[in-house]
Amino acid sequence: TYDVLTGEASLCDSILTTSVPRLHIAASTLDLAGLELEISSARDRAVRLRNALGKLNEGAAEGSDYTYVLVDCPPSLNLLTVNAMAASDAVLVPLQCEF
C-alpha cells in the first residue's frame, strides 16, 4: 500500500488473493510508517486512498468488482487515518469495555 499511496503502483496491482474465496488483501510494509513525512507537503495528501479506491473497480477483471473494502488503521489520528476516513462511507471504532 506504500507504493499505492505514493503513486508508484495501482491498487489493482497491489491486491493479493487469499485462500478464502472472494477475499483479497492489499498488505502494507514498514515503509508505510515513513509515508507521512514524504507526502506531508503534497496537495492531495488527505485523499490519496480515496483516489486509489475510486480506480479499483475500473481495473478489475470481469466479475471481480469489489463491493466492500475494509481499511485497518493505526490507533492514532495521523495522515493515514485521515486518508482512510476521507475514503470511507462508514467508520467502525472497536473499543474494549472496562472500568
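**Notebook: charges and one buried alanine**

I searched the whole structure for salt bridges and got one; the term takes a side-chain nitrogen of Lys or Arg within 4 Å of a carboxyl oxygen of Asp or Glu. This is a predicted model, where local features need pLDDT of at least 70, side-chain atom pairs count only at pLDDT 80 or more, and totals for chains, interfaces and linings use all residues. Residues are numbered from 1 along each chain as its sequence is written, and side-chain values use heavy atoms, with hydrogens and water left out.

**The pair.** I found aspartate 44 bridged to arginine 48, with 3.2 Å between the closest N and O atoms. Side chains of opposite charge can pair when their charged atoms come close. I then looked up cover (buried is under 20% relative accessible area, exposed over 50%, partly exposed in between; 1.4 Å probe, protein chains only). Arginine 48 is buried at 17%, while aspartate 44 is partly exposed at 31%.

**The patch.** Next I noted a negatively charged surface patch made by Asp3, Glu8, Asp31 and Glu38. Patch members have over 30% relative accessible area and no salt bridge, and like charges are joined within 9 Å, placed at CG of Asp or CD of Glu. I located aspartate 31 in the loop between strand 2 (24–25) and helix 3 (35–39); helices are DSSP runs of H or I with at least four residues, strands runs of E with at least two. Aspartate 31 is partly exposed because its relative accessibility is 48%.

**Alanine 84.** I placed this residue in helix 5 (residues 79–87). Alanine 84 counts as buried, at 9% relative accessibility. Beyond its neighbours within four places in sequence, alanine 84 contacts Leu49, Val71 and Cys73 (heavy atoms within 4.5 Å).

Methods. Patches are made of residues with over 30% relative accessible area and no salt bridge: like charges are joined within 9 Å, nonpolar side chains (Val, Leu, Ile, Met, Phe, Trp, Tyr) within 5 Å. Accessible areas come from the Shrake-Rupley method with a 1.4 Å probe; for residues, only the protein chains shown count as cover. Lys and Arg count as positive and Asp and Glu as negative; His and the chain ends are not counted.
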